[in-house]
Amino acid sequence: MTADTTETFGVDAAAHEAARTTILDVAAEVFQHEGFNRATIDDIAEGIGATKGRVYYYFRSKFDIYLAVYEHGMRLVREAVEPHAEGPGTGRDRLIAMSEAHAENLMTYLSYHNTIHQGIHRRTTPALKARQAQQLAELNGIREDYETMFRRVVAEGMTDGSLRDEDPQLTARMLLSSLNSIDSWFHTRPGQSTEELQDLAARITRMLITGLEIQ
């Protein structure tokens, strides 16, 4: 699913995409700090140092921006994690690599993940129009497919004996819930390096996966 955007009218595709991504980066921060309901197009325009017209050139509505932020955030995390799901090693090895990549991506793109989690909680919001609810449901479906990928690797780890035998669905859901809770307490420090994020992601993953190991 691709969120609704305006026509490019022959504008250079790379420049158009770069400008659109800048809007999404700022919008993700606005949605994180203000929440979707309080956030305004004016807030986003101020964040990019432009007028509302600039924002409306790329997106037709605030909700279209919101959907695009959600979609872009899911693409970023999927691209970071999926290669590890298909990589070498036992189920446990791959689950560790996936969890570390997920945690690092969450901390790197914290505002995107916060927006995604807002979308999950809004799935039953009655104020949404039918079209909006359908688009949001499609994005939540993409997120559920992502969870299914974790569940598959968990099941493979249980089959190959590298993980303790439990309910794969419950295990994957609890693991992802624990990883996603990072956005409730983590705050990026100025100058924080990629290496620091990788180390923290590895420590968090180690604590979570230990409970799934064969005793």
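**Figure 1. Aromatic pairs in the predicted model.** Nine aromatic pairs are counted in this predicted structure. In one of them, the ring centres of phenylalanine 31 and phenylalanine 36 lie 5.8 Å apart with the planes at 40°, so the pair is classed as tilted. Phenylalanine 31 is buried, at a relative accessible area of 0%. Phenylalanine 36 is also buried, its relative accessible area being 9%. Tyrosine 57 and tyrosine 58 give an edge-to-face pair, because their planes stand at 80°, with ring centres 4.9 Å apart. Tyrosine 57 is partly exposed at 28% relative accessible area, whereas tyrosine 58 is buried at 3% relative accessibility. One aromatic cluster is made up of Phe31, Phe36, Phe63 and Tyr66.

**Figure 2. The largest nonpolar core.** This core has 57 residues. The members that touch the most other members are Phe31, Ile44, Ile65 and Phe150. Helix 4 supplies the largest share of the core, eleven residues. Setting aside residues up to four places away in sequence, isoleucine 65 touches Leu24, Ala27, Phe31, Ile41, Ile44, Val55 and Phe59.

**Figure 3. Salt bridge between glutamate 86 and arginine 152.** The structure holds twelve salt bridges. In this one, the side chains of glutamate 86 and arginine 152 meet with an N to O distance of 2.7 Å. Glutamate 86 sits in the loop between helix 4 (62-85) and helix 5 (91-108), and arginine 152 in helix 7 (residues 130-160), so the pair ties together parts 66 residues apart in sequence. Glutamate 86 counts as exposed because its relative accessibility is 52%, and the cut-off for exposed is over 50%. Arginine 152 counts as partly exposed, at 32% relative accessibility.

Figure 4. The closest N and O atoms of glutamate 147 and arginine 173 are 3.0 Å apart. Glutamate 147 lies in helix 7 and arginine 173 in helix 8 (residues 168-180), and the pair links distant parts of the chain, 26 residues apart. Glutamate 147 is buried, with a relative accessible area of 8%. Arginine 173, by contrast, is partly exposed at 41% relative accessibility. Through salt bridges that share partners, Arg143, Glu144, Glu147, Arg151 and Arg173 are joined into one network.

**Figure 5. Salt bridge between arginine 189 and glutamate 196.** The closest N and O atoms of this pair are 2.8 Å apart. Arginine 189 is partly exposed, at 46% relative accessibility. Glutamate 196 is partly exposed as well, with a relative accessibility of 34%.

**Figure 6. Helix 5.** The 18 residues of helix 5 should span 26 Å at 1.5 Å a residue; the end C-alpha atoms are 25 Å apart, which agrees. Buried residues of helix 5 are Gly91, Arg94, Leu95, Ile96, Met98, Ser99, Ala101, His102, Ala103, Asn105, Leu106 and Met107. Helix 5 has the highest mean pLDDT among the elements of the chain, 97.

**Figure 7. Histidine 113 in helix 6.** Histidine 113 is found in helix 6, which spans residues 110-121. Histidine 113 is buried, at 3% relative accessibility. Apart from its neighbours within four places in sequence, histidine 113 is in contact with Val77, Asn105, Leu106 and Asp183. Of these, Asn105 and Leu106 are among the buried residues of helix 5. Helix 6 has the lowest mean pLDDT among the elements of the chain, 84.

**Figure 8. The whole chain, for orientation.** The chain has nine helices and zero strands, and its elements run α-α-α-α-α-α-α-α-α from the N terminus on. Of its 215 residues, 45% count as buried. Among contacts between residues at least 6 apart in sequence, 72% join residues at least 24 apart. The average pLDDT of the chain is 89, and 88% of the residues score at least 70. Where pLDDT is low, the predicted coordinates should not be read in detail.

Key
Residues numbered from 1 in each chain as written. Heavy atoms only, no water. Salt bridge = Lys/Arg side-chain N within 4 Å of Asp/Glu carboxyl O. Helix = DSSP H or I, 4+ residues; strand = E, 2+ residues; numbered from the N terminus. Buried < 20%, exposed > 50% of the residue type's maximum accessible area, 1.4 Å probe, protein only. Core = buried A, V, L, I, M, F, W, Y, C linked by side-chain atoms within 4.5 Å. Contact = heavy atoms within 4.5 Å. Expected span 1.5 Å × (residues − 1). pLDDT = per-residue confidence, 0-100. Phe/Tyr/Trp six-rings, centres within 6.5 Å; stacked < 30°, edge-to-face > 60°.
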